[in-house]
Amino acid sequence: MQNFPTASQLHASDTPALEQLAQFLHRHPDVLLLTGAGISTASGIPAYRDTEGVRHGNAPVQGPDFRRQEAVRRRYWARSMVGWPALARAVPNPGHLAIAQLGQRQRIGGLVTQNVDGLHQQAGSAAVTELHGSIHGVVCLDCQARHTRRLIQDQLEHDNPQMLGTTATPAPDGDALLEPSQLAAFHVPACPRCGGTLQPDVVFFGDGVPAACAAEAENKMRGASALLVVGSSVMVYSSFRLCRMAAETGKPVAAINLGKTRADHLLAFKTEAPAQDILPALTAMLD
């Protein structure tokens with residue numbers, strides 16, 4: 001694997017990539033940032049895809065299957081009970097913190113993320129559009145009540161003491177890999193208000209981004225003069241459409257990403273470096 005310089009080395013050597021990014025932000029102080037899983041991997045949260053943009057690991061839960069099949073809900077909640085605590089303990093890395101600083105110093109415009117981990121908000125970024133929702137919320141499909149994921153975790157642990165202390169390989173977005181035999185006696189959580197069916201407040205694969213959220217992201221793109229993709233292959237349409245929208249209106253699109261993206265043919269340039277290294281160096285250079 002290629003070794004990349006640290007943030008201090010990037011700043012000290014005044015690399016061409018860093019200069020190019022700095023000039024891009026100087027020309028477009030209202031640039032819209034679109035972030036993906038690559039911004040959070042340094043916080044210990046696995047990504048869905050490799051550098052070729054190919055999804056790895058088990059197939060993710062499909063929204064229609066989750067709502068139709070109790071077996072799918074059982075599998076999801078069992079794995080989430082084991083995997084969510086590690087995600088809940090995750091903290092922002094230097095990439096998140098640099099983006100928050102850029103926003104506070106008015107070096108960038110809006111921020112749209114595909115991530116559901118809430119780390120941008122923890123880092124201090126304001127007005128974050130979460131295209132795919134938040135893993136830290138849960139909604140009842142029957143009475144529409146909203147609950148914190150912490151509350152549902154407490155319920156899960158109370159109803160499934162046999163799962164306490166279970167360890168498993170972490171997967172993206174608070175998932176974990178469990179043996180099928182561990183699911184047989186698992187109790188699926190019910191809505192504390194009405195006893196109805198609970199779903200995490202996220203956009204599952206196979207589901208569409210809520211209309212209001214999609215409109216918010218599009219309005220941010222209309223108000224920006226450029227788009228910078230950070231840590232995303234933009235393979236899913238909800239993010240790729242923003243790249244296409246920018247390109248179709250003559251706005252330059254750039255990317256910081258390790259590996260290929262679906263929008264490579266639309267990019268003015270791409271910097272292949274870890275976001276947690278190059279973003280702090282970029283922030284220091286702009287100062």
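Me: Of the contacts between residues at least 6 apart in sequence, what share joins residues at least 24 apart?

Reply: Heads-up, this is a predicted model: local features need pLDDT of at least 70, side-chain atom pairs count only at pLDDT 80 or more, and totals for chains, interfaces and linings use all residues. Numbering starts from 1 along each chain as its sequence is written, and side-chain values use heavy atoms, with hydrogens and water left out. A contact means heavy atoms within 4.5 Å. Among those between residues at least 6 apart in sequence, the share joining residues at least 24 apart is 74%.

Me: What percentage of the protein's residues count as buried?

Reply: Buried means under 20% relative accessible area, exposed means over 50%, and partly exposed lies in between (1.4 Å probe, protein chains only). The protein has 287 residues, and the buried share of them is 48%.

Me: And how many helices and strands are there?

Reply: Both are DSSP runs numbered from the N terminus: helices are H or I with at least four residues, strands are E with at least two. Counted that way, the protein has 10 helices and 11 strands.

Me: In what order do the 3 strands of the open sheet come?

Reply: Two strands pair if DSSP finds at least two bridges between them. Strand 4 has 3 bridges to strand 5 and 4 bridges to strand 8, running antiparallel to strand 5 and to strand 8. That gives an open, antiparallel sheet in the order 5-4-8.

Me: Which strands stand at the edges, and why is one side of each left without a neighbour?

Reply: The open sheet runs 5-4-8. Each edge strand has a single partner strand, so one side of it lacks a neighbour in the sheet; the two are strand 5 (146-148) and strand 8 (198-202).

Me: Which residue is the bridge partner of Val 139?

Reply: Let's walk along strand 4, residues 133-140. Gly 133 stands opposite Val 202 in strand 8, whereas Val 138 stands opposite His 147 in strand 5. For Val 139, the bridge partner in strand 5 is Arg 146.

Me: Which strands does helix 7 touch?

Reply: Angles here run from 0 to 180 degrees between N-to-C directions, with axes as lines fitted to C-alpha atoms (for helices, over the stretch in contact). Helix 7 (residues 149-159) packs on the sheet, with its direction at about 75° to that of strand 5. The strands touched by helix 7 are strand 4, strand 5 and strand 8.

Me: Is strand 4 mostly covered or uncovered?

Reply: Strand 4 pairs with strand 5 through 3 bridges and with strand 8 through 4 bridges. Of its 8 residues, 7 are buried, making strand 4 mostly covered.

Me: What is the phi of Gln 144?

Reply: Strand 4 and strand 5 form a hairpin with 5 residues between them, and Gln 144 sits in the turn. Gln 144 counts as exposed at 52% relative accessibility. Although Gln 144 is not a glycine, its phi is positive, about 65°.

Me: Where is Ala 127 found?

Reply: Ala 127 is not a glycine either, yet it has a positive phi of about 50°. Ala 127 is exposed, with a relative accessible area of 63%. It's found in the loop between helix 6 (119-123) and strand 3 (128-130).

Me: What distance separates the C-alpha atoms of Met 235 and Ala 263?

Reply: Met 235 is in the loop between strand 9 (227-230) and helix 9 (237-248), and is partly exposed at 24% relative accessible area. Met 235 and Ala 263 are 28 residues apart along the chain, and their C-alpha atoms are separated by 8.3 Å.
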